[in-house]
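Below are a few friendly notes to read alongside the coordinates.

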Amino acid sequence: MCGIVGIYNMPRASGIFPTMLERIAHRGPDAAATRGVEGPGFDVKLGHRRLSIIDLSDAANQPFVKDGHSLVYNGEIYNYNELRQELSALGSTFRTQSDTEVLLEAWRQWGSASLNRLRGMFAFALLNETTGELIIARDPFGIKPLHYAVRGNGLVFGSELKAILPALDNTEMEPIGLLSSLVFGWLPDAYCMWRDVKKLPAGHWASFKPSGRFDLHEYYNVSVEAANACKNFISDDDLADVIEDSVRAHMVADVPVSTFLSGGLDSSLITVLAKRFAGSLDSYTISFRAEDMKLEAMPDDLKYARLVANKFDIRLHEIEITSDIVRDLPRLVDVLDEPIGDAAALNTILICSAARKAGVKVLLSGMGADEMFGGYRKHQAALMSARYRSLPSFIRKAVIEPAVDALPVALFGRGIRPVRFAKRFLTFSNLPEEASFRRSYSFIGESEVDKFVRPDLAPMMRELFDYHSSIYAQGSKMDVVNRMCFTDVRLFMEALNLTYTDRASMSASTEVRVPFIDREVMSAAYAIPGSRKIVGNERKAALKNAAIRTLPKEIVYRPKALFSAPLRAWIRRDLRDQLNELVANGKLVNSGWLDKKYVSEMIAADRAGTSDYSRELWQLLTTESWLRHNNVSPN
């Protein structure tokens, strides 16, 4: 796992290229190098920071140069040994044991067709030093990031925004990017916080030539693959085999591999399978202060993590989250690059930092299972909302909704989870299918636009809603559960979970691998109809049926808990002054972007315990902190 950066025909950026590379030093502390190549009509600089995991020798350092090609690459190709054998049979020779060289030879042998042969996560740039053609590519699910900007006949690219911004003059904040952050708490990959900067779409590659011509190509389409998979059938045992094979593939490394272990189904399954292949295993888990857990009404994950560790002889390392959030918030904003409103990112930073101090470079995560197998509460809630809409209107409007509205979300310093869920449910339960699902996890709905933002911003807000609707519509041939799962894979998983995991883990110089987010697992997941994923009140039913041959029942069927932080405790206690300063009187309200009265009422209701706006307020606080950190103001 590494960091990459490059400039193409951007002479003004040459002098600051070392600074650009230094900005992603955390992604690769083991080695750093650059390469400059000039030819007819092109002047290219490539930079690489290495976190050595496969072939630890200096011979595998990058930029990797061979036979007139230069490669900078961030990721892991898990089937590189199999590809190496195939390429050797076709005449390729190798001087290293690295997956980097296999990637270069695969492109030389098969061109863009090589991308569909790769099992792994990757973002890379490959320069033909003779013709000057530059190829950039990103893995099918967007596990690894790649940002770029085209300026005239020039190009700049990098693993993180902070690496490429120094090369761009007069870059302005993109309003729809900021609005996307306020609506969803994250930015779909179609949007960016900076004007003219783009994210290479997942499952795409592009070519850039000395003329300045930029051509974008798709090689993997999740909606097509998912729709095709829906025509198939897979048994619980076959699903278990596919997941086991993916974990085995993800264990490939020349350094020890550890895991996250929350004690939930997903991380426990990955951990126990990893232990089977590794022989011995270290796992890392988190715990919280008792007073924070009380207000958050959080389940005790630690006891389940200990149960798994004891039963399967796993060395469990427990890390208590006692963050000074006032101190750590600026660091979080800097790490994430864009205002992302999931406090779990801080958990990832802290747990990866602890693992790194213990010498760990690689951790496996259970991320992706909820999106693919229908594991989120919002999936079940969206199904419930359809049934709720079938109730007579007077029962909903005159009886149920006023009663729920009157209930407090916390009493005597203890959060009341069922009331929180009920209040959240009523924000979307009366909406049509797609709008209901969207509102189940967004901060703002269509009915709130006019009272939330300045009137001239409303069209952009509705553009974001339409974009979500267009993604949801791509799953039209699937059942409703798989439509939601597909939309989550394309948006929620890619733009939120994978994004914060990459930035947070790499800030601690650790690599996180995600065995569930794998092409073979995806095909298996969409071969399962929604009726097998959510059965009555049981979410992820098919995955649980597959996991029962590996895990004890008390883990498989335990109540689901979120990988989150004590957000409500932070909002109501630790961050009270910051809310007053940065949110109630911040740039968003003072510029007129957001309605000051609306924001003040949210803060008051949250503090009174009549409503739970902790997620919304955390996002506003994160966004205000981002604006300050980058010294920009909404216009």
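**Notes on cavities, a pocket, a lysine and a helix**

1. The largest cavity is lined by 17 residues, of which Arg138, Pro145, Asp189, Thr499 and Arg503 lie nearest its centre. A cavity here is a set of points on a 1 Å grid over the protein atoms alone where a 1.4 Å probe fits but cannot get out, and lining residues have an atom within 4 Å of a point. H20 contributes most to this lining, with five residues; helices (H or I, at least four residues) and strands (E, at least two) are DSSP runs, numbered from the N terminus.

2. Before going on, please keep in mind that this is a predicted model, where local features need pLDDT of at least 70, side-chain atom pairs count only at pLDDT 80 or more, and totals for chains, interfaces and linings use all residues. Residues are numbered from 1 along each chain as its sequence is written, and side-chain values use heavy atoms, with hydrogens and water left out.

3. How big is the largest cavity? Its volume is about 120 Å³, a volume being the space filled by probe spheres set on the points, with grid points joined across faces, edges and corners. Searching the whole structure gives eight cavities of 30 Å³ or more.

4. The second largest pocket (an open set with protein on both sides within 12 Å along at least five of seven lines) has a volume of about 290 Å³. Of its 20 lining residues, Pro201, Ala202, His204, Arg490 and Glu494 lie nearest the centre. Strands E10 (198-199) and E12 (214-218) and helices H6 (222-229) and H20 (480-507) each give two or more residues to that lining.

5. Do look at Lys361, in the loop between helix H12 (344-357) and strand E16 (362-364). Lys361 counts as buried because its relative accessibility is 14%; buried means under 20% relative accessible area, exposed over 50%, partly exposed in between (1.4 Å probe, protein chains only). A polar atom of the Lys361 side chain lies 3.0 Å from the backbone oxygen of Ser52. Beyond its neighbours within four places in sequence, Lys361 has contacts (heavy atoms within 4.5 Å) that include Asp30, Arg356 and Glu511.

6. Which residues of H28 are buried? They are Tyr598, Val599, Met602, Ile603, Ala605 and Asp606. Seen down the axis of H28, these fall within an arc of 165°, so they line one face of the helix; the arc is that of the directions from the helix axis to the C-beta atoms. The face turned away carries the exposed residues Lys597 and Ala608. After H28 comes Gly609, with a positive phi near 80°.

Key. A polar contact is a pair of N or O atoms within 3.5 Å; within protein, one must be able to donate a hydrogen and the other to accept it, and residues adjacent in sequence count only if both atoms are side-chain atoms.
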